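Please keep the sequence and the structure in view while reading.

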Amino acid sequence: MIGEVFPSEMRKFTDEKTGNPVVQLTQKGINFHMYFTDNAFDLGNEKLYFLSNRANEGEIFNIFELDLLTGEMTQLSDEPGGVIIDGFTKTPDSQYIGYVANDNEIKVIRTADRTITSLYKDESKVLHNLSFSPDKRKIGFLMDEKVDVLPNGGPNYMGFRDKMYAIKEGRIGCISMDGSNFRQVFRDTCWLNHFQFSPADSNLAMFCHEGPWNEVHQRIWLINMETGDVWPCFRQGADDCVGHEFWLRNGDIAFDNRRGGHDGTISVTKKQVYVQEKSQSKEPPYFGFAHCDGKVYKQVMMPYYCNHYMGNSDGTLFTGDTAEDIVLIRPAAKEGETARIKTLAAHHTTWKYQRSHCHPTFSWDGRKILYAADRDDEHCNLFLVEVPEI
């Protein structure tokens, strides 16, 4: 029920590997935060927003607000069929929360009074990856054709490659916050994903061609949301496997280039799903930084392999999830220096579901790292660790 308050489940424990304090935020049901391209924290860093099935049963997830000072959780949506796991976003200040209900209807919560407005519905398409423009006047989203493959979030990346080959039509839509002015900005011939408005330009956004990284010829694209013009960000070559792209707060783009032979996945065996180890490139992986014209201006070698990376606001620190641990990395500042790594905690996740991928993310002030893990092989929960000096 909207407005229902659930008592705190917060507990502190000492990580057995590092001795660092860890705060477990949730303990009941299945709980996970927004995809890492969105920041689940409020700008004041005292609240965060997540999906949970605690008010329902099975795979029905609704939106909750967690007060980091008290631990109390307030239910903000009550969709009978739930909220889709890749259809959940918010403005940085948490004034608005956007989501896609299970019946392909886009809705927006105004958190001040918890009112919910329906903006758009299209039962013929799969609506996902919402993103608010920084001026909060419009919301962009993806519209893929429906195909007969496993849904997003299935176990162990099942259907990931099948979906890439099955989808032959993807579109980018945009609508004003009052539900007017809907338009299809762009139409493509493949599976689109990771739509994200620039934090610095309300007419600029980024999206990707989705699938196993080693099979996607050009991953990252930029789009003018007024004209529909698109251009590539970092023109890939044959030995590039690119993904996990995100915006830095200054409007630059960061991305992970694993080099040839990496598919961007991790399985319950803690290995990749769609490649053979013998096919992997000997070139070192790196993080690329690009301006909004798509041209790369800096490459930072990443000698420590993580499954997902996320940078702080200025890209001077990265957090990542290795097969076993949550780590903090300070990249080399200049040529000749060595990147530094520090293990923060053992996460104990199974990697079975997309929701149990840790996807560690920084709070807005860069002092805390939030991650998800299903330590008991069933109930995914949220955890916080402090960011130390490195």
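The protein has one helix and 30 strands; helices (H or I, at least four residues) and strands (E, at least two) are DSSP runs, numbered from the N terminus. This is a predicted model, in which local features need pLDDT of at least 70 and side-chain atom pairs count only at pLDDT 80 or more, while totals for chains, interfaces and linings use all residues. Residues are numbered from 1 along each chain as its sequence is written, and side-chain values use heavy atoms, with hydrogens and water left out.

Along its principal axes, the C-alpha trace spans about 55 × 50 × 35 Å. The radius of gyration is 20 Å, which agrees with the value near 21 Å that a compact globule of 390 residues would have; the radius is taken over C-alpha atoms, and the globule rule is 2.2 Å times the number of residues to the power 0.38. Of the 390 residues, 58% count as buried, where buried means under 20% relative accessible area, exposed over 50%, and partly exposed in between (1.4 Å probe, protein chains only).

In soluble globular proteins, nonpolar side chains tend to be buried together. A nonpolar core is here a set of buried Ala, Val, Leu, Ile, Met, Phe, Trp, Tyr and Cys residues joined through side-chain atoms within 4.5 Å. The largest such core has 31 residues, of which Leu 25, Leu 48, Ile 63, Phe 88 and Leu 370 touch the most other members. Among the elements that give two or more residues to this core are strand 6 (62–67), strand 8 (83–90) and strand 29 (368–373). Strand 5 gives the most, with four residues. A second, separate core of 18 residues includes Ala 345, Trp 351, Phe 362 and Ile 369.

Two residues may now be examined individually. Asn 257 is in strand 21 (residues 253–257) and is buried, with a relative accessible area of 0%. What does the side chain of Asn 257 make a polar contact with? The partner is the side chain of Asp 240, at 2.8 Å; a polar contact is a pair of N or O atoms within 3.5 Å, and within protein one must be able to donate a hydrogen and the other to accept it, with residues adjacent in sequence counting only if both atoms are side-chain atoms.

Gly 320 lies in strand 25 (residues 318–321) and counts as buried at 0% relative accessibility. The C-alpha atoms of Gly 320 and Tyr 305, 15 residues apart along the chain, are separated by 8.6 Å.
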